[in-house]
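Hi,

Here's the structure I promised to pass on.

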Amino acid sequence: MTIDIVTFGETMLRLSPSSGDRLETATSLNFRTAGAESNVAIAAARLGASSVWLSKLPDSPLGRRVTNEVRQHGVEPRIEWDDEARQGTYYIEQGTTPLSTTVIYDRADAAITTARPTDRYRAAIQDAAIFYTSGITPALSETLDETTRDLLATAQQAGTTTAFDLNYRSKLWSTTEARETFESLFDDIDIFVTAERDIYNVLDRQGSATELADELAADFDFETVIITRGADGALAVHNGTTHEQPAFETDTVDAIGTGDAFFGGYLARHIAGDSVPEALSYGAATAALKRTIEGDIAVVTPDGVGRVLNSEERGISR
């Protein structure tokens, strides 16, 4: 195997007004890229893993803008180009108390929605140690639902470890639709990560985090189940053993992409041979750093993560 991590999914352009400004009155917008699968690939690449991101984009300046930014962070994009499709975007208006953060998607008919499992995608996955995608991808179209299934099965057949983040998005589909799709994919997933709230709301299960992780591991034969719990940190069950990791204290500049940073950090250290608790700690430190950075991407370094891990003051992010 020559690639550490291969990811597959959509990356959008993110447009946002400056802090304190509103979309309806803004005269300029900050212009960034954003996507769960490329975010994970970037975090892992910046922390030492070789990473490839698979996707489909319009053959346009906007599509090239996306690949240029992903590439500059050390990830190799392997793209299917479409000269007639459009580039998905989203607008974000950051809110502070008493306002909440607002996200507006403009991703209908984006190039990624017609992506099929090409030989190029399959070859990359067969040559990887880990294949990662998220629950956002099958939600985007029926075609992507089928492609996600094909690529996860390809990974399993090739002996590539599969990693999946539930990543439920209520603006894409209902909890019932999502649960049916997710549970039909679970047989082909080895490492499963989800936010605790999504187990309750989407998978319709109740119990403590430890009970839920044990139950999911037993019901779906996951190798590892990781539950993220916001300010309460993360918990993992691996081979019947439970490991808990508190969150690191951090100031929050931008919380978007924190979960992707966590999983990218975790997978980077998993690839490097760390134990589950060591990788959990590294993921939590990566997530803490991400919260201090504007945009979706975790612009981190191993030295920076190491300083968080070695800091004397540790606590729960509030």
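Below is what turned up, starting with a sheet and ending with the cores.

Keep in mind that this is a predicted model: local features need pLDDT of at least 70 and side-chain atom pairs count only at pLDDT 80 or more, while totals for chains, interfaces and linings use all residues. Residues are numbered from 1 along each chain as its sequence is written, and side-chain values use heavy atoms, with hydrogens and water left out.

**The sheet.** Look for an open sheet of four strands, ordered β3-β2-β6-β7, with mixed pairing. (Strands are DSSP runs of E, at least two residues, and helices are runs of H or I, at least four, numbered from the N terminus; two strands pair if DSSP finds at least two bridges between them.) At the edges sit β3 (30-34) and β7 (102-106), each pairing on one side only. β6 (residues 89-93) and β7 run antiparallel, joined by five bridges; threonine 89, for example, has aspartate 106 in β7 as its bridge partner.

**The cores.** A nonpolar core here is a set of buried Ala, Val, Leu, Ile, Met, Phe, Trp, Tyr and Cys residues joined through side-chain atoms within 4.5 Å, where buried means under 20% relative accessible area (1.4 Å probe, protein chains only). The largest one has 81 residues, and Phe186 and Phe192 are among those touching the most other members. Helix α10 (residues 276-290) gives the most to this core, nine residues. There's also a second, separate core of 11 residues, including Ile42 and Ile297.

Cheers

Terms used: Buried means under 20% relative accessible area, exposed over 50%, partly exposed in between (1.4 Å probe, protein chains only).
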